[in-house]
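Me: I have a model open and want to go through its fold piece by piece. Can we start with what you mean by a contact, then move on to the details?

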Amino acid sequence: MPLRSRCLPDESSPRGRAFITLCGSAEIVAEFFSFGINSILYQSGIYPPETFTRVQKYGLTLLVTTDPELINYLNNVVEQLKDWLYKCSVQKPMVVISHIESGEVLERRQFDTECDKTAKDDSATREKSQKAIQEEIRSVTRQITATVTFLPLLDVSCSFDLLIYTDKDLDVPRKREESGPQFITNSEEVCLHSFTATIHKVNRMVTYKTPVND
């Protein structure tokens with residue numbers, strides 16, 4: 001039985017505070033990651049801008065892909081991520097952007113994920129207002145867009161990979177390939193805003209190749 005079938009709606013109090021379960025927290029983080037990936041892919045220029053459309057989410061206008069093959073791929077990855085978040089087995093999802101011809105890694109978007117493993121039961125809830133969660137995610141999402149102001153221009157043809165680092169004892173499906181650390185030589189790192197969905201906390205970092213001045 002898929003883990004997502006065990007998710008129950010999070011309860012809300014009259015004061016607008018939500019009692020969030022492990023499954024609800026996993027849903028929030030997985031959904032954020034989905035929109036975050038779309039924003040990163042749009043900014044990187046890997047796909048043509050005309051293959052994205054505007055949607056409203058978190059009180060913001062966001063861009064998401066309309067490419068059927070990419071939509072299917074991202075949906076599969078996010079569903080797997082949600083499963084592993086529910087198991088509290090995710091350490092860090094990552095978006096890696098590489099030069100197509102050389103394979104050199106140029107940019108790495110890292111989402112370090114912490115899980116309160118004392119809540120590994122949907123009967124254990126955490127309380128936080130929906131407004132506070134939305135505001136944190138809105139701030140993080142805006143910063144994803146703002147990174148274009150300091151990241152080097154990707155003026156070469158690039159591809160991307162989605163990596164999910166997990167606990168070593170996790171049973172990984174055969175269709176998922178193992179990957180190396182995807183280091184970037186001569187790089188710089190910038191720590192970005194974090195947010196918490198109560199049971200899961202996401203800390204963000206971007207690593208990029210330092211531009212070489214001619």
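Reply: Contact here means heavy atoms within 4.5 Å. Keep in mind that this is a predicted model.

Me: Fine. Which residues is leucine 81 in contact with, leaving aside its neighbours within four places in sequence?

Reply: Leucine 81 touches Ala30, Phe33, Val90, Pro93 and Ile164, once neighbours within four places in sequence are set aside.

Me: Where does leucine 81 lie, and is leucine 81 buried or exposed?

Reply: Leucine 81 is part of helix α2. Its relative accessible area is 1%, and the cut-off for buried is under 20%, so leucine 81 counts as buried.

Me: What separates the C-alpha atoms of leucine 81 and glutamate 31?

Reply: The separation is 9.9 Å, for two residues that are 50 residues apart along the chain.

Me: Step back a bit. How many helices and strands does the protein have?

Reply: There are three helices and 11 strands. Along the sequence they come in the pattern β-β-α-β-β-α-β-β-β-α-β-β-β-β.

Me: And how much of the protein counts as buried?

Reply: 44% of the 214 residues. As for contacts with a separation of 6 or more, 71% of them are between residues 24 or more positions apart.

Me: Back to α2. How do the axes of α1 and α2 cross?

Reply: Helix α2 covers residues 68–86, and its axis comes within 9 Å of the axis of α1, with a crossing of roughly 150°. The crossing is right-handed.

Me: Which residues make that contact?

Reply: From α1 they are Leu22, Cys23, Ala26, Glu27, Val29, Ala30, Phe33, Ser34, Ile37, Asn38 and Leu41. From α2 they are Leu70, Leu74, Val78, Leu81, Lys82, Leu85 and Tyr86.

Me: What classes do the residues of the α1 and α2 contact divide into?

Reply: 14 are nonpolar, two polar and two charged.

Me: Now the other partner. At what angle do α1 and α3 pack?

Reply: About 20°, with the axes 10 Å apart; α1 is residues 22–44 and α3 is residues 130–146. Angles under 35 degrees count as roughly parallel, and α1 and α3 are therefore described that way. Their crossing is right-handed.

Me: Which residues are in the contact of α1 and α3?

Reply: α1 supplies Ile28, Phe32, Gly36, Ser39, Ile40 and Gln43. α3 supplies Ile133, Ile137, Val140, Thr141, Ile144, Thr145 and Ala146. By class that makes eight nonpolar, five polar and no charged residues.

Me: On to the strands. Why is β5 described as largely enclosed by the rest of the structure?

Reply: Strand β5 runs over residues 90–99, and eight of its 10 residues are buried, so β5 is largely enclosed.

Me: Which strand do nine bridges join to β5?

Reply: That is β8, residues 158–166, and the two run antiparallel. Five bridges join β5 to β6, residues 105–115, and that pair is also antiparallel.

Me: What does valine 95 stand opposite in β8, and what in β6?

Reply: In β8 valine 95 stands opposite leucine 162. In β6 valine 95 stands opposite arginine 109.

Me: How many residues are between β5 and β6 in the hairpin?

Reply: Five, and glycine 103 in the turn has a positive phi of about 80°.

Me: Last one. Where does lysine 87 lie?

Reply: In the loop between α2 and β5. Lysine 87 is partly exposed, at 33% relative accessible area. Its C-alpha atom is separated by 9.1 Å from that of leucine 170, which is 83 residues apart from lysine 87 along the chain.

Notes
Residues numbered from 1 in each chain as written. Predicted model: local features only at pLDDT ≥ 70, side-chain atom pairs only at ≥ 80, totals over all residues. Heavy atoms only, no water. Buried < 20%, exposed > 50% of the residue type's maximum accessible area, 1.4 Å probe, protein only. Helix = DSSP H or I, 4+ residues; strand = E, 2+ residues; numbered from the N terminus. Pairing = 2+ DSSP bridges. Axes fitted to C-alpha atoms, helices over the stretch in contact; angles between N-to-C directions. Parallel < 35°, antiparallel > 145°, perpendicular 65-115°, else oblique. Left-handed = near helix turned anticlockwise from the far one by under 90°. Nonpolar A, V, L, I, M, F, W, Y, C, P; charged D, E, K, R; others polar.
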